[in-house]
Amino acid sequence: MADMAVQSDVMEAAGPYDRAKALSAFRLGDVTFYWLTRVCAVSVLLILGGIIISLIIGAWPAMMEYGFAFLWTQRWAPSADPPVLGALGPIYGTLVTSFIAMLIAIPVGLGIAIFLTELCPQWLRRPIGIAIELLAGIPSIIYGMWGFFVLGPFLAYTFQPFMIGLFDGIPVLSSIFGGPPSYLSLFNAALILAIMVLPFITAISVDVFKTVPPVLKEAAYGVGCTTWEVVRNVVIPYTRVGVIGGVMLALGRALGETMAVTFIIGNSFRLSASIFGPGTTISAAIASEFAESDGLHQSALILLGLLLFVLTFFVLAAARLMLMRLEKKAGN
Amino acid sequence: MKFLKAIVAAGLVAASTSAFAADITGAGSTFIFPVLSKWADAYKKESGAGVNYQSIGSGAGIKQVQAKTVTFGATDKPLTVDQLDKDGFAQWPMAMGGIVPVVNIDGVKAGDMVLDGDTLAKIYLGTITKWDDAAIKKLNPKLSLPSEAISVVHRADGSGTTFNFTDYLSKVSADWKSKVGSDTAVEWPVGVGAKGNEGVSGNVGQAKNTIGYVEYAYAKQNKLTYTAMVNKGGKTVEPTADAFQAAVANADWANAPGYYLILTNQPGDKSWPIVATTFVLMHKDGSDKAASQEALKFFKFAFDKGGKMAEDLDYIPMPESVVKLIEKTWSSEIKS
């Protein structure tokens, strides 16, 4: 009580309160804040535009030299005279590893999310949830090292020989799972990618699964649905948009992942029918060759970067388009 | 006022001494980095001047010195006289080291296996695919070799080590020369690529039935199974400091313009066939002459007192006669 009395004394001592002055100070603050945030927002566009323009400038000599044939030329010979450079190997490797990674990560990631939200006993939820979050926090180089020193030997000496033996003699499959087993292969890289993107899919799926109104689920259980039927017919349809968003985010990460992949993919520009053979991805090729490159070679690597940019852009654009369609459908 | 003057004077003194002790800047070869940083430590203790060297790779080092962002560059692939003249560079050899093939085969110990240039080229060309191939068996009658596929490891990044290795293969195999050639990065017919000397040693150390090539120090430190080689004279040699010395002893630096000399496949019964040299590049008429002179002082120190340090790290220091030549080059070419 005594404090308040003292305070009001001080206020009065400061003289009459200038209302207009205070208001204009507020306005100035608001305007400054508006422009400050606006500059921040616009700077994102400027940076994005700058990156695209500098990529195009850097890639221009290679574009002029190779044209569209760059996309389907397999040979990568920077030391040939003149250098012959084609992007088919890295593009193939990027698509194959990402595809296999998603093939593994989507079912497992959704499985974890469903278990966590629908079936998991309360006391186990937190440990599993935290473990998934930690998985997302591990630096990618650690995945690379683990993939090389721990996963590599297991795949090379146990899993791959088993798969090669299993499919031996069956057409198509025998060449997809063809030997010899290797520490460094497209499959190893894809498996590491799958583990790396798993947390993205799981975390987002868990969040969106939680948005399903309990009354819907309870109604479904009430008419006698099994858990599988509830998930299949209520939870997934209700959250499709969010789940696809998470999957696309994961795909974006898989396409661009560099360090872990460079470690274990084998960095070979040849096309390999077998997923146990070595390959390379766009980002791995850039990471391993850029420092020592010059002239057309460097320009071709920048062009590869531009291709990755375009590829990722299309993936995200396709995701948006799909989401928009789904929203429209849901709206009808 | 007196007090103020004293402060200003002290500041000036400090500024001028710190300008004197400015770091010598360089960039390039990763091959020479271990010994260069050891020299730099010793030089700092003696003279107070530090050396700031970025081991970013030979090609990138050349670019940096061309752009004059650093005082000197270091490269494992020498520039030709034409290239030197174009950029106004002086070039001289700084240190040498051996490159060794390393393998990982059950039951084969370091130095057990013998390879010759032609067989090595065929393995890297993919024409020899199994360890019990007749050509390998003929060179190694006593070894029991598995009938397993050879898994070839090469460098994924551009590298001076690759340049010297492929240069050797080009010299001993016409097939290699026509199909692949030699450069810091080539179009490998087979195998997997690993990043850096450490990447290749890691791969070969881990995975069975592999073969790779690394700088000798990496093979030694990682206890890898290096092979013996048949040299130009037809003799089998093991990779030792003596064998590297023998290879460079015959090198005729005096008659090599711009010191353009690649020390692979050298004659001599005791010579190790794959030896690499790291060259230093500097502008003859640099814009910052004081910095050039400071750098030369450092290199002189490295030649005079760094020999032992180089040997400790399994490099081969430049012989005294060559150092004399190089010092003459400095005084005649680099303007002070």
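Reader: Where does B:Ser159 lie?

Author: B:Ser159 sits in the loop between β6 (151-155) and α7 (160-172) of chain B, where helices (H or I, at least four residues) and strands (E, at least two) are DSSP runs numbered from the N terminus. This is a predicted model, in which local features need pLDDT of at least 70 and side-chain atom pairs count only at pLDDT 80 or more, while totals for chains, interfaces and linings use all residues. Residues are numbered from 1 along each chain as its sequence is written, chains are lettered from A and ligands numbered from 1 in the order in which they are written, and side-chain values use heavy atoms, with hydrogens and water left out.

Reader: Is B:Ser159 buried or exposed?

Author: B:Ser159 counts as buried because its relative accessibility is 3%, and buried means under 20% relative accessible area, exposed over 50% and partly exposed in between (1.4 Å probe, protein chains only).

Reader: And what does B:Ser159 contact, leaving aside its neighbours within four places in sequence?

Author: With those neighbours left out, B:Ser159 is in contact (heavy atoms within 4.5 Å) with A:Glu292 and B:Thr184. Its side chain also makes a polar contact, at 3.3 Å, with the side chain of B:Arg155; a polar contact is a pair of N or O atoms within 3.5 Å, where within protein one must be able to donate a hydrogen and the other to accept it, and residues adjacent in sequence count only if both atoms are side-chain atoms.

Reader: How many residues does the contact take from chain A and from chain B?

Author: Chain A gives 26 residues and chain B gives 30 residues. The area buried between chain A and chain B is about 2000 Å², meaning the accessible area (1.4 Å probe) that two parts lose on being put together, summed over both. On the chain A side, A:Ser79, A:Arg270 and A:Glu292 lose the most area to chain B, together 31% of what that side buries.

Reader: How many salt bridges are there between chain A and chain B?

Author: The count is 1 salt bridge, that is, a side-chain nitrogen of Lys or Arg within 4 Å of a carboxyl oxygen of Asp or Glu. B:Glu187 forms a salt bridge with A:Arg75, and the closest N and O atoms are 2.8 Å apart. Between chain A and chain B there are also 10 residue pairs in polar contact, both residues at pLDDT 80 or more.

Reader: Thanks. Which part of chain A supplies the largest share of the side that touches chain B?

Author: That is α6(A), with 4 residues.
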